[in-house]
Each structure stands twice: as structure tokens, then as C-alpha cells.
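Here are a few notes from my pass through this one, in the order I'd look at things. Have the viewer open as you read.

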Amino acid sequence: MLINYKNVTLCQKEHTVLKGIDFQAREGEFIYLIGKVGSGKTSLLKSFYGELDIHSGNADVLGVDMTRVKRKHIQALRRRLGIVFQDFQLLTDRNVQQNLDFVLKSTGWNKRKERDTRIREVLEQTGMTDKINHMPYEMSGGEQQRICIARALLNRPAMIIADEATGNLDYETGKHTTALLHQICNSGTTVIMSTHNERLIREFPGIVYRCGDRQLTECSEEFGTAPRQQDTAQPVPAEPDTSENQKEN
């Protein structure tokens, strides 16, 4: 189990965003989050990589208890995840090679030859090898998003979190982006993708959760996908309440 949330509540300041969340993600699954703007999709995704704290409940991500994880350990968790943003967040003053090399150097890849090899691998995987020397402004939105997916793959993550990865793309370009993410999922990497475009779900089926009225509910059957089998695992046990495990303020 890569993610196991049991009765989790998420809050923004004094406002409850989602409550009673039961959510699981297993290896090789493609999971969609749908719902209106402001319904809590992004908040839920942020909680997976420690950008938003867990208010209450049991929350485990890649074996890390998110209710007790220290701030200084969040970065180590994020290195095991690949994150794809709606607005790309590429460094605009660097070409593709330099953008990807910056990430690898920042995450401990000290040998230039190994970095160059890994960059070539992810660009080949995403069909973007010919863009290695291009600047972000020289590429279309769809091409930039493919580079963002390549960036997310650099550290061979167990899971990719895609927050409205097709939100700034037209339908056909979004379709190609979703197809790429499905290919990555088929190779064993779990993908969790929030989207407003429900047409994509029917073309590229997966497990579907809907955020609404502060609740998270599975609705896979609405899109022709069999619902997931009920999970019988026990809630993630809390770690001992020791100073080493307390979250730093």
C-alpha cells in the first residue's frame, strides 16, 4: 500500500476542507480525483507530499506517518514522489537539459555522466529527446508538460502526483498527456491525477474519487470502471509519542 488514509480530516486555517477521508493507493494504479474548483482536490494532493498538514486521522504515505513526520524529513519523502503541476514550473532561463540537471544535482546525483544518462532516459521515455537544448518558451504547452513529466520521473518515483496536469492544455493535447501518464502507470508507477476533464476518464479508465461537500467518495462505476474491492486493512498505527517523532513547528 503506497497511501493509506483512514478517517482523515484536512483543514485550511480554521476551515475544514475534507473530513472522514478513506483513501488508498496501491502499486500500479491510475487514480483520478474529480470535483468542482475549491472542493479539496489540490488540498488532498498537497497532503500526500507534506505541503498541507493532517488535522486528524491516520495517514501513511510510502511508509511515512504523515501525522508525525518532521519537517526536515519531508524533502526525503518528496524525492520518492514525482510531482507534475498545472503551470509547469520550469526554470525559464535554462534549457531542458539544464532544468533536468538542476533537479538531479539538487537530489544528490553527483556524477555528471550518470546525470546525463538519466536525462536521456527520461526524455526518451516521454518522447522529448529532440527538445533537450530547447528553452521553455520555444516549446508548446503540451511539450512543456511532457518535460515536466520527464522531470517527475528523474528519481524513479514509486508514485506520480499530477495536479490538473491537463488544465492548461486543449483537449487533444491533454489526451496525449494522459495517454503518456497511463503508459508510465502500465510500467508499474502509480499515478494520481486530478482533473476537470471527465471525458479523459472515459477514454483512459482508472479508479475515480470525487471531492464534494467536504467528502471524498469513490465513483468509479459512473465511468464504467468496476469499484475497488473494499480494503480490510487496519488503520495505520500511530508511532510512539516521542520527541524524535514529533512534528517541528
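A polar contact here is a pair of N or O atoms within 3.5 Å, where within protein one must be able to donate a hydrogen and the other to accept it. Keep in mind that this is a predicted model.

1. Start at the N-terminal end of H6. Asp170 caps the helix there, with a side-chain oxygen 3.1 Å from the backbone nitrogen of Glu172. The helix itself covers residues 171-186, and its 16 residues reach 22 Å from first C-alpha to last, close to the 22 Å expected at 1.5 Å a residue. Just past H6, Gly188 has a positive phi of about 115°.

2. Now check which side of H6 is covered. Its buried residues are Tyr171, Gly174, Thr177, Thr178, Leu180, Leu181, His182, Ile184 and Cys185.

3. Six strands make an open, mixed sheet in the order S6-S7-S8-S3-S9-S10. S6 (81-84) and S10 (215-218) are at the edges with a single partner strand each, so one side of each has no neighbour in the sheet. From one strand to the next, the twist averages 20°. If you want a parallel pair to look at, S7 and S8 pair that way over five bridges, and Ala162 sits opposite Met193 in S8.

4. Two helices to view against that sheet. H6 lies across S3, S7 and S8, at about 140° to S3. H1 (residues 41-48) lies across S3, S6, S7, S8, S9 (207-212) and S10, and runs at about 150° to S7.

5. Last, the aromatics: a search of the whole structure turns up four pairs. One of them is Phe23 with Tyr209, a tilted pair at 4.8 Å centre to centre and 45° between the planes. Phe23 is in S2 (residues 15-25) and Tyr209 in S9, so this pair ties together parts 186 residues apart in sequence. Phe30 is buried at 5% and Tyr32 is buried at 0%. Finally, Tyr5, Phe23, Phe48 and Tyr209 form one aromatic cluster.

How values were computed:
Residues numbered from 1 in each chain as written. Predicted model: local features only at pLDDT ≥ 70, side-chain atom pairs only at ≥ 80, totals over all residues. Heavy atoms only, no water. Helix = DSSP H or I, 4+ residues; strand = E, 2+ residues; numbered from the N terminus. Expected span 1.5 Å × (residues − 1). Buried < 20%, exposed > 50% of the residue type's maximum accessible area, 1.4 Å probe, protein only. Pairing = 2+ DSSP bridges. Axes fitted to C-alpha atoms, helices over the stretch in contact; angles between N-to-C directions. Contact = heavy atoms within 4.5 Å. Phe/Tyr/Trp six-rings, centres within 6.5 Å; stacked < 30°, edge-to-face > 60°.
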